[in-house]
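My notes follow in the order in which I made them.

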Amino acid sequence: MPSHPLHPPPPRRPRGDLIAIYFRYLREYKWLMLAYFVLMFVAFPIEQIIFPNIYGKVVDLLGKPSKRSLFDRTKWYLLGAVGLLILSQALFTLIDTIDAYTLPALQSFYREHLLRDVFETFEREYDTLPTGNIVSKIVKLPLVVRQIYHQLRNYLLPTLIVSLCACGYYMYIDWRLGLLLTVVLLAFYIYATVHSTKCIPSSQARDATCDKLHE
């Protein structure tokens, strides 16, 4: 049904879907990002699960009486720990190298696609374009992308990877321990997700005030 001239349709806002743009970025750099995730999936379990396991076995050996020398009892664990240390440092070096390329590329990708969307909208509806909102988003874009990237890189992905590996490890030891850990972690993640959404209205109000300043 056509709109009445006295009641024109609301102005179209630029799409600017950050999540959709990110998945587009993943598709474009799929092999690089696949290598990145594989490296993280190997490096973090070594650091957070395998190393503590080796330390625990060495401490356990130290507490047991034996006629063998301390070196004989622990040499294979120490050699394994040194090898894993070298491997983990090499993996984290590769991850940091990819980070140094990925973050600027991601910021450039966001900037290009958001500006393209803005210009396409401007060509059609230049008189109704929310200029303040657009300027605010473009100004904050590099900082927002960097903060989200570092949160994913330093907190969310390592936590998820270590949680999955820990659940698998405990399942291997005893399925009941693994099931208990899985239930506890799921409850924690659900609780954290539900309560983190309470920050969204405050963030939206803050962004709206910032947009008005630019307007």
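**Serine 88**

I started with serine 88, which touches Ile46 and Phe51 once residues up to four places away in sequence are left out. A contact here is a pair of heavy atoms within 4.5 Å. Serine 88 is found in helix α3. Helices (H or I, at least four residues) and strands (E, at least two) are DSSP runs, numbered from the N terminus. I noted serine 88 as buried because its relative accessibility is 3%. The classes are buried under 20% relative accessible area, exposed over 50% and partly exposed in between, with a 1.4 Å probe and protein chains only.

**Source and confidence**

I noted that this is a predicted model, in which local features need pLDDT of at least 70 and side-chain atom pairs count only at pLDDT 80 or more, while totals for chains, interfaces and linings use all residues. Residues are numbered from 1 along each chain as its sequence is written, and side-chain values use heavy atoms, with hydrogens and water left out. pLDDT is the predictor's confidence in each residue, from 0 to 100. The protein chain averages 78, and 79% of the residues score at least 70. Over residues 1-14 pLDDT stays under 50, and the model has 15 contacts beyond four places in sequence for that stretch.

**The chain as a whole**

I found six helices and zero strands in the protein chain. Of its 215 residues, 27% count as buried. Among contacts with a separation of 6 or more, 79% join residues 24 or more positions apart.

**Methionine 40**

I looked next at methionine 40, in helix α2. Is methionine 40 buried or exposed? Methionine 40 counts as buried, because its relative accessibility is 0%. Leaving aside neighbours within four places in sequence, methionine 40 is in contact with Pro45, Ile95, Arg153, Leu157, Pro158 and Ile161.

**Leucine 62**

Leucine 62 also lies in helix α2. I noted leucine 62 as partly exposed, with a relative accessible area of 48%. From leucine 62 to threonine 74 I read twelve residues in sequence and 8.6 Å in space, C-alpha to C-alpha.

**Helix α1**

I listed the buried residues of α1 as Ile21, Tyr25 and Leu26. Seen down the axis of α1, these buried residues fall within an arc of 145°, so they line one face of the helix. The arc is that of the directions from the helix axis to the C-beta atoms. Ile19 and Arg27 are exposed on the other side of α1.

**Second largest pocket**

I then turned to the second largest pocket, with a volume of about 430 Å³. A pocket is an open set of points on a 1 Å grid over the protein atoms alone, where a 1.4 Å probe fits, with protein on both sides within 12 Å along at least five of seven lines; lining residues have an atom within 4 Å of a point. The volume is the space filled by probe spheres set on the points, which are joined across faces, edges and corners.

The lining has 18 residues, and Tyr22, Tyr110, Ile148, Tyr149 and Leu152 lie nearest the pocket centre. α1 (18-28), α2 (30-62), α3 (70-125) and α4 (131-173) each supply at least two lining residues. α4 gives the most, with eight.
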